[in-house]
Amino acid sequence: MIVAGDSFPVGPAGGPDLPAPRPADLLAWYDAHRRQLPWRSAPGTVADPYHVWLSEIMLQQTTVVTVGPYFQRFLARWPTVADLAAADLDAVLKEWAGLGYYARARNLHACAQAVVARHGGRFPADESALLDLPGIGAYTAAAIAAIAFDLPATAMDGNVERVLSRIYAVTDPLPGSKPTLKALASALVPAKRPGDYTQALFDLGATLCSPRNPCCVLCPWRDACRGRRDGIADLLPRKAEKAAKPTRRGVAFWLTNARGQVLLRRRPESGLLGGMMEVPSSAWEPGADLAYTRALAWAPAAVDWQRLPGIVRHTFTHFHLELTVVRGHLVDDGAAVDGVWCAPADFHDQALPTVMRKVVTWARSGGKD
Ligand code: SF4
């Protein structure tokens with residue numbers, strides 16, 4: 001077991017030992033400088049587990065600034081986890097549109113239902129029971145356990161990894177150094193106020209200990225920080241080189257009818273953007289170039305397709321996507337097509353993911369920026 005203050009892989013400069021970082025110093029700083037966030041309880045009050053859970057799911061891969069309005073809208077519409085469990089999945093996906101990573105919205109809904117079914121509508125005050133719920137991974141379970149129930153759990157996110165790697169000058173690159181950082185972080189969690197301590201660490205990473213140019217002069221842990229002492233703080237954490245993201249390509253089919261409606265289609269329940277609506281598109285395939293004529297085999301109707309200039313680009317976690325948009329018009333309104341006709345004025349009611357909103361904008365502009 002690693003104990004805070006032990007020796008571990010350190011930076012090149014070495015030097016005399018520094019004191020161990022003291023949770024009490026971080027808590028004192030937090031009491032004076034904590035961020036005001038919509039999902040945070042007032043100082044000295046207990047956080048609502050539903051609020052903590054909702055915000056943590058929304059914050060995965062998304063910024064605090066982006067999440068704020070979504071969080072407020074969700075709470076206004078579904079004030080309790082039971083309300084969210086009873087909601088229509090499509091309504092949840094619609095409210096989520098724009099936050100990306102739609103599997104999270106589906107899991108959000110499934111989790112609310114599981115909390116109601118398994119726990120009577122109350123989140124369990126237990127890290128392993130939280131981990132059993134849909135869409136809750138190790139980080140989120142620990143964050144809820146700590147913040148909502150004041151349990152001594154260790155929530156490791158990118159901010160915490162950055163702070164810990166600097167404090168202890170851990171020079172082994174991520175992700176290989178994760179177990180070391182987790183052990184160091186666990187050794188520091190105090191028995192008193194672990195929830196505030198966890199949020200303090202988040203705040204330190206999000207404010208002073210920023211990825212570039214950390215503001216060490218104001219840091220409550222500056223005297224204990226080996227990265228600062230060795231002059232390598234802003235080089236940490238080191239990261240193993242990532243493979244370049246591949247690019248996939250496809251064709252999106254903007255099909256209109258005589259009433260000015262556009263054909264939309266629901267994506268399969270499983271897989272990327274599962275259950276979301278889309279402008280019908282071909283498969284998204286890797287490769288240097290799209291076989292355009294082959295992609296037309298996915299067209300939702302046999303009409304005269306006109307290719308719009310330019311490309312719609314979007315980046316997912318694991319790949320870049322380039323979509324060519326083609327426009328066609330279906331004269332025969334009675335022809336059978338796979339999908340639903342929708343007037344553009346009603347698109348705001350559809351659970352269209354960001355990439356498809358880009359396609360809509362592109363098609364409606366005729367392929368002009
Ligand atoms: S002293 Fe600087 S590098 Fe070290 S934890 Fe504080 S802000 Fe980060």
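Biologist: Why is tyrosine 139 called buried?

Modeller: This is a predicted model, so everything here is computed from it. The relative accessible area of tyrosine 139 is 19%, and buried means under 20%, so tyrosine 139 counts as buried.

Biologist: Where does tyrosine 139 sit, and what does it touch?

Modeller: Tyrosine 139 is in helix H8, which covers residues 138-149. Skipping residues up to four places away in sequence, tyrosine 139 touches Glu56, Ala155, Met156, Asp157 and Phe202.

Biologist: How far is tyrosine 139 from proline 300, in sequence and in space?

Modeller: Tyrosine 139 and proline 300 are 161 residues apart in sequence, and their C-alpha atoms are 42 Å apart.

Biologist: What about glutamine 350: why is it called buried?

Modeller: Its relative accessible area is 16%. The cut-off for buried is under 20%, so glutamine 350 counts as buried. Glutamine 350 is in the loop between strand E8 (340-342) and helix H14 (354-365). Beyond four places in sequence, glutamine 350 touches Lys94, Leu264, Met277, Cys342 and Arg357.

Biologist: And what makes alanine 86 exposed?

Modeller: Alanine 86 has 67% relative accessibility. Alanine 86 belongs to helix H4, residues 81-86. From alanine 86 to valine 64 the separation is 22 residues in sequence and 27 Å between C-alpha atoms.

Biologist: Let's go to the strands. Why does phenylalanine 253 count as buried?

Modeller: Phenylalanine 253 has 0% relative accessibility. Buried means under 20%, so phenylalanine 253 is buried. Its place is in strand E1, residues 247-256.

Biologist: What is phenylalanine 253 in contact with?

Modeller: Not counting residues up to four places away, its contacts include Val279, Pro280, Ser281, Ser282, Trp298 and Trp305. As for serine 282, it is 29 residues from phenylalanine 253 in sequence, with 8.2 Å between the C-alpha atoms.

Biologist: Serine 281 is on that list. How do you know that serine 281 is buried?

Modeller: Serine 281 comes out at 4% relative accessibility. With the limit for buried at under 20%, serine 281 counts as buried. Serine 281 is in the loop between strand E3 (277-278) and strand E4 (285-286). Leaving out neighbours within four places in sequence, serine 281 is in contact with Val251, Ala252, Phe253, Arg265, Arg267, Trp298 and Met356.

Biologist: Now backbone geometry. What makes alanine 169 worth a mention?

Modeller: Alanine 169 is not a glycine, although it has a positive phi of about 45°. Alanine 169 lies in the loop between H9 and H10. Its relative accessible area is 0% and buried means under 20%, so alanine 169 is buried.

Biologist: Why is arginine 193 called partly exposed?

Modeller: Arginine 193 has 31% relative accessibility. Buried is under 20% and exposed is over 50%, with partly exposed in between, so arginine 193 is partly exposed. Arginine 193 also has a positive phi, about 55°, although it is not a glycine. You'll find arginine 193 in the loop between H10 and helix H11 (194-206).

Biologist: Which peptide bonds are cis?

Modeller: The bond from leucine 174 to proline 175 is cis, with omega near 5°, and so is the bond joining leucine 236 and proline 237, with omega about -5°. Proline 175 is in the loop between helix H9 (158-167) and helix H10 (178-188), while proline 237 is in the loop between helix H12 (226-229) and E1.

Biologist: On to the ligand. Which residues are around it?

Modeller: They are Arg166, Ile167, Cys209, Cys216, Cys219, Arg222, Cys225, Arg228 and Ala233.

Biologist: How many of those shell residues are nonpolar, polar or charged?

Modeller: Six are nonpolar, three are charged and none is polar. Cys, Ile and Ala count as nonpolar and Arg as charged. The space the ligand takes is the largest cavity.

Biologist: What does the protein look like overall?

Modeller: The protein has 14 helices and eight strands, and its C-alpha atoms fill a box of roughly 80 × 50 × 30 Å along the principal axes. Of its 369 residues, 50% are buried. The protein exposes about 17500 Å², with 54% of that supplied by carbon and sulfur atoms. Among contacts with a separation of 6 or more, 70% are between residues 24 or more positions apart.

Note on methods
Residues numbered from 1 in each chain as written. Predicted model: local features only at pLDDT ≥ 70, side-chain atom pairs only at ≥ 80, totals over all residues. Heavy atoms only, no water. Near = heavy atom within 4 Å. 1 Å grid on protein atoms, 1.4 Å probe; cavity = no way out; pocket = protein on both sides within 12 Å on 5 of 7 lines; lining within 4 Å. Sits in = over half its atoms within 2 Å of the grid points. Helix = DSSP H or I, 4+ residues; strand = E, 2+ residues; numbered from the N terminus. Buried < 20%, exposed > 50% of the residue type's maximum accessible area, 1.4 Å probe, protein only. Contact = heavy atoms within 4.5 Å. Areas by Shrake-Rupley, 256 points an atom, 1.4 Å probe, with all protein chains shown as cover.
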